[in-house]
Amino acid sequence: MATIAPNNIEAQVADFKSRYESIESEVGKVIVGHHQVVAQTILCLMIGGHALLEGVPGLGKTMLVRTLSQVLHLQFSRIQFTPDLMPADIVGTSIVATDANGQRNWQFQPGPIFGNLILADEINRATPKTQSALLEAMEERQVTVDGTTYQLARPFIVLATQNPIEYEGTFPLPEAQLDRFLLRIRLGYPNTADEVRILDAQQYNHPVDSVEQVVSLEELLAAQAEIKKVYVENDLRRYMVDVVSATRSHEDVYLGASPRGSLALFRAAQAKAALA
């Protein structure tokens with residue numbers, strides 16, 4: 001079993017659950033239905049991992065990310081991926097600037113990747129060259145431009161969206177890119193009752209206008225630190241590795257999960273244990 005180390009167990013669990021539930025409740029004012037999707041996305045945020053949201057247009061993928069940025073009051077950046085998008089459009093570039101003394105020098109102009117919560121909208125519409133610009137940022141939490149390395153903000157979380165059934169003008173994500181995502185979350189159509197609720201909620205004002213911040217950046221970072229205190233039994237660790245290892249030898253699996261997959265399973269189990 002997975003448990004929290006015996007130091008203020010009740011207080012740590014209560015604090016983590018309170019933060020999680022307050023985020024879930026506030027997001028629920030805007031995102032109707034999709035309870036599992038919302039829960040998985042929030043869990044991903046509280047672990048500090050990246051998520052890939054898959055679904056046809058109009059299901060609320062972008063709205064979910066916008067709502068989360070307001071609820072957590074994080075620095076939000078939206079990158080609309082298109083075939084003509086270049087890596088410099090994401091990470092930034094060096095430009096010639098003139099200082100107060102009239103001297104010209106190179107100055108780094110940060111791109112939209114410099115934020116806390118990054119929406120990579122329709123990520124599969126950009127070329128592989130541009131998609132790869134996210135690789136270093138997603139894993140190392142840093143970018144390198146003209147030989148200089150720049151650290152990204154903490155927390156740094158990428159929530160990417162893609163339409164899984166549209167292939168014209170798209171570029172499937174390479175395995176190295178997919179491996180960076182902690183969770184791959186699929187959205188489906190809402191049921192009739194939930195869709196009626198969506199119409200009711202938007203009759204007068206857009207519901208996102210009523211969303212309030214319920215957790216600060218510092219509290220989110222504290223929650224991420226609390227998750228790492230959850231103790232996982234050795235038998236369960238071995239079971240996780242066995243599950244991941246099985247994907248590497250099964251004949252129906254094209255490419256087995258890497259050790260990063262074991263780490264993702266480990267962190268998600270810690271968070272689920274804290275919530276339970």
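Trainee: Which residues of helix H6 (residues 133-140) are buried?

Mentor: Buried means a relative accessible area under 20%, exposed over 50%, and partly exposed in between, with a 1.4 Å probe and protein chains only. In helix H6 the buried residues are Ala133, Leu134, Leu135, Ala137 and Met138. This is a predicted model, in which local features need pLDDT of at least 70 and side-chain atom pairs count only at pLDDT 80 or more, while totals for chains, interfaces and linings use all residues. Residues are numbered from 1 along each chain as its sequence is written, and side-chain values use heavy atoms, with hydrogens and water left out.

Trainee: Which elements do the buried residues of H6 pack against?

Mentor: Elements are DSSP runs numbered from the N terminus, helices (H or I) having at least four residues and strands (E) at least two. The buried residues of H6 pack against helix H4 (87-91), helix H5 (128-131), strand E7 (142-145), E9 and helix H7 (175-178), contact meaning heavy atoms within 4.5 Å.

Trainee: Which residues touch the most other members in the largest nonpolar core?

Mentor: A nonpolar core is a set of buried Ala, Val, Leu, Ile, Met, Phe, Trp, Tyr and Cys residues joined through side-chain atoms within 4.5 Å. The largest core has 44 residues, of which Phe16, Ile23, Val27, Met46, Leu64, Leu68 and Leu117 touch the most other members. Among the elements that give two or more residues to this core are helix H1 (9-27), helix H2 (35-47), helix H3 (61-72), strand E6 (117-121), strand E9 (157-162) and helix H9 (217-227). H2 gives the most to this core, with eight residues. A second, separate core of 25 residues includes Ile113, Ala126, Ala133 and Phe181.

Trainee: Which residues is leucine 64 in contact with, leaving aside its neighbours within four places in sequence?

Mentor: With those neighbours left aside, leucine 64 is in contact with Val27, Ile31, Val37, Val38, Thr41 and Leu53.

Trainee: At what angle do H2 and H3 pack, and how far apart are their axes?

Mentor: Two packed helices are described by the angle between their axes and the distance between the axes. Axes are lines fitted to C-alpha atoms, for helices over the stretch in contact, and angles run from 0 to 180 degrees between N-to-C directions. H2 and H3 pack at about 50°, with their axes 12 Å apart. That makes H2 oblique to H3, since angles under 35 degrees count as roughly parallel, over 145 as roughly antiparallel, 65 to 115 as roughly perpendicular and the rest as oblique. In H2, the residues Val37, Val38, Thr41, Ile42 and Leu45 meet Leu64, Leu68 and Leu72 of H3. The residues of this contact divide into seven nonpolar, one polar and no charged, where Ala, Val, Leu, Ile, Met, Phe, Trp, Tyr, Cys and Pro count as nonpolar, Asp, Glu, Lys and Arg as charged, and the others, Gly among them, as polar.

Trainee: How closely do the axes of H2 and H9 come, and at roughly what angle do they cross?

Mentor: The axes of H2 and H9 come within 7 Å and cross at roughly 85°, which makes H2 roughly perpendicular to H9. Leu45, Met46 and Ile47 of H2 make the contact with Leu220, Ala223, Gln224 and Ile227 of H9, and these residues divide into six nonpolar, one polar and no charged.

Trainee: Is arginine 125 buried or exposed?

Mentor: Arginine 125, in the loop between E6 and H5, is buried, with a relative accessible area of 18%. Its contacts beyond four places in sequence include Phe81, Glu166, Glu168 and Phe171.

Trainee: Which peptide bond to proline 155 is cis?

Mentor: The bond from arginine 154 to proline 155 is cis, with omega near -5°, and proline 155 is found in the loop between E8 and E9.
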